[in-house]
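Could you walk me through this structure in my viewer? Please tell me what to select at each step and what I will find there.

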Amino acid sequence: MNLVKLRKFTYEEVTRCNRCGFCLPSCPIYLVKGIESATPRGRNAITRAVIEGRLQWSGEVEKSIFSCLGCGACTANCFPAIKTRDIVFRDRECLVSEGIYPKIADRLAQYILEEGNISNENNEERAEWQELIKGIPEHYFEKEKADVIYFVGCVASFFPLAQKIPASMAMVMEKAGVDFTVLGGQEWCCGYPLIGAGMPDKMDALIKHNVEVVERIGATKVVFTCPSCYHTWKHFYPSGAEYLSASEFLVELLREGNLELKPLDVKVTYHDPCDLGRNTGVYEPPRKVLSSIPGVELVEMEKNRQLTTCCGGGGNLEMVEPELSGKVADLKIAEIQATGADVVVSSCQQCLRTIAGRARRRKIPLIVKDITELLAEAMV
Amino acid sequence: MEREEAIRKLQESVGEENVLFSDVDLTLYGYDASLEKGRADAVVLPGSTDQVSLVVRLAYQEGIPIIARGSGTNLSGGTVPVRGGIVLHFSRMNKILEVDIPNRTVTVEPGVITLDLQTMLLKQGFLYAPDPASQKVSTLGGNVGENSGGPHCLKYGVTTNHVLGAEVVLYDGTVTWIGGKNPDNPGYDLMGLIVGSEGTLAIATKIILRIIRAPEAIKTMLAIYDSIEDASNTVSAIIAEGIVPATLEMMDHVVMEAVEKSVQAGYPLDAAAVLIIELDGLKDGLDRQAAKVLEICKRHNVREIQLARDEAERARLWAGRKGAFGAVTRLRPCYMVCDGTVPRTKLPEVLNQVMEVGKKYGLLIGNVFHAGDGNLHPLILFDERDEAEKNTAMKAASEILKICADAGGTISGEHGIGIEKLREMNFIFTEDDLETMRKIKRAMDPKDVLNPGKVIPN
Ligand SMILES: Cc1cc2nc3c(=O)[nH]c(=O)nc-3n(C[C@H](O)[C@H](O)[C@H](O)COP(=O)(O)OP(=O)(O)OC[C@H]3O[C@@H](n4cnc5c(N)ncnc54)[C@H](O)[C@@H]3O)c2cc1C
Ligand code: SF4
Ligand code: SF4
């Protein structure tokens, strides 16, 4: 991406931003920082000023553009629906080609391209979470051929706090008799972190590999517990198999009557992950899953669905500015606490990590669960 | 004083992290929701009255302009630093300090968002009435600065009718109180002078506002018309009958089209105009009033009246109305709003003239406005990157304001003068009038440091 392309793709869009400011109170970064360069309006104005030659790419521009969560709350509150998230990601591409970006992104890209994951781990370790399930042999869920592929994603594979998600999801699918496989070391990062890092051009090899694996296995469906993987496959991968978020798939299983559930006496609130809800449009399936479990009472947060507040974990912010990401999580935790629910349920490993991690650091008693985990608990 | 030294002094006053002066920051604090642009020399985020006072004193000593700023959503260039200077952004001073239910007052810092206060109060059954369409982002400091109005101000009055007192910082940094919790204070009404002065006479650091009980019942109706004239005549007739609805808002088909592209508010796209009529008050009697309004609408050829069935439907109708300005950039990239006010009986005639101006210059004009107050908001649509079209739009805007002034109205109902409407001040004030204003300004700000270059033409 360069200025000529940036102008082509975004100039009309940023010009339609009429600086009304309606997006300001919805932008978590502005709520935390309280300065204009942290607003969606400001990010649009920076982009326009650079295109018009009134500002240069600089470290100051980098600070504003790389402190966006890509959460999309601004667009949901904007009458002309300016897509600041897309604008910001294009800016990041320009900044990368100018050499002005958080250098930690280079390491991330290196890990992804060399190891196939974000954690600089041997990619074969992706199977590690299976050890959480007692009494199964190693690589139990990895098959040569299957109808359904469960794409686990990097975070749930490598971060201990999130490994219970694939363990729960696999158990549920196993119980329901689904013919499925996970990819183990054959799963490569979907490429999403590279989009956030302003390096989407590096994704091609990842896409090619992952698509080939799906074809080899002959699956008709690929299922994701990670909303960002799901979003990336839906928007950047060629169409082939059907791509489904975990909750959409679980709703199918529940409808077919393949799961027997016992009551859980619990009051929950549901956190809509940005990439699942606002950015891909999946709002009702997770709520259907919750309502299918007897005894579960759902209380909504004041801001839900399109208006949800990001957990703070979006757009690579946790990597670039962890403290800012944590302060956004504080906003989310306050919203959760206001519901009086016993448990906050999400359907994203990143939300789970950000919210639970922050709560623990601040010694706030808060139970955070993934939707797959709650469902696994309810299984007879 | 050298710039570096001034910045160092500011940092000493408010803390290093609360002074911004990068190229990016100075550019971003150069705009507001108008089309004007300027450039600040520094931006300060004060955390207390004392800090505001320190900064203003420094500005006074050094003759540096000082510009108070809330969310920067004013539509007239009110926060644009035309002569550079220090922008005081109140985002950190955003606390609701006291809710005094027995005395029916609240005390707030200037950076509190209008809707945040209203939401908090409504939970306790109370109302802060002024509701600019920008209430979800505007600050109370900004509302005071502009004397903002909104749909419900038809019945409840504009901001100035709700400000009882304020702690203010004067031009030299002196901190003082004006007014207070008492509903009436002896002597000159200095509070009235400061509300609407766009930060040119004093800077408010605490504001005491009047609150009222939330109405027991509300009825919201959408009256649909095939002609703008019928809709306008309905407005005059309702008021003439002595009925004061909570709101009487009008929207034409251009605006409805833009809004419906943004949210599904449920506006009819084949109609010429709609009125949003809201009645509120005690449950008893509301039906009778509604029947009367219905009858007046029918007399003026209303095509259909829809009653909002529940709170969700009411919220949808209002969401569309409140986002109307922003929505029109779906039709063309930019808009300019002419905030003229005319006597209600002149509405049909003036609206026709406005549309004539649009035709004459080949510009698309949309209308969405506080019809009950006769406060028009013709939105002239254009592309500011096309210099010629921009100039034509500005010419058209000026002509529209002239039409309002000539009809016995005025050039700004609520959006203020800032810099955008300076020239048009001559349409309604004589040189003597303006000189009187200059004398007041000189008395309250002898060195012209408070938001210089605004409101009064030189
Ligand atoms: C889409 C849209 C719809 C709007 N609808 C309406 C409407 O219905 N009615 C209406 O009246 N306006 C409306 N406005 C205009 C604007 O939102 C209001 O004028 C609002 O009150 C400005 O608030 P703000 O916090 O953004 O103030 P700013 O724009 O930041 O400041 C406004 C003025 O107040 C001064 N000021 C700010 N803080 C202080 C302080 N602490 N002490 C003294 N002066 C101060 C500033 O110097 C400036 O002159 C609308 C604007 C937009 C973009
Ligand atoms: S992004 Fe949309 S909501 Fe935000 S200032 Fe621009 S037009 Fe208004
Ligand atoms: S995407 Fe989220 S963080 Fe980024 S500007 Fe929009 S609201 Fe703010």
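Start by selecting domain 1 and domain 4 of chain B: their centres, taken over C-alpha atoms, are 32 Å apart. Chain B is divided into domain 1 (3-89), domain 2 (96-213), domain 3 (217-323) and domain 4 (332-406), with bounds from an automatic or database domain assignment.

A quick note before the next stop: this is a predicted model, where local features need pLDDT of at least 70, side-chain atom pairs count only at pLDDT 80 or more, and totals for chains, interfaces and linings use all residues. Residues are numbered from 1 along each chain as its sequence is written, chains are lettered from A and ligands numbered from 1 in the order in which they are written, and side-chain values use heavy atoms, leaving out hydrogens and water.

Now show both chains. Here 32 residues of chain A are in contact (heavy atoms within 4.5 Å) with 42 residues of chain B. Together the chains bury about 2,900 Å², 59% of it on carbon and sulfur atoms; buried area is the accessible area (1.4 Å probe) that two parts lose on being put together, summed over both. Within chain A, select A:Arg19, A:Phe22 and A:Phe79, which lose the most area to chain B, together 26% of what that side buries.

Next, pick B:Glu384 and A:Arg48. Their side chains meet in a salt bridge (3.1 Å, N to O), a term for a side-chain nitrogen of Lys or Arg within 4 Å of a carboxyl oxygen of Asp or Glu. How many salt bridges are there between chain A and chain B? The count is 4.
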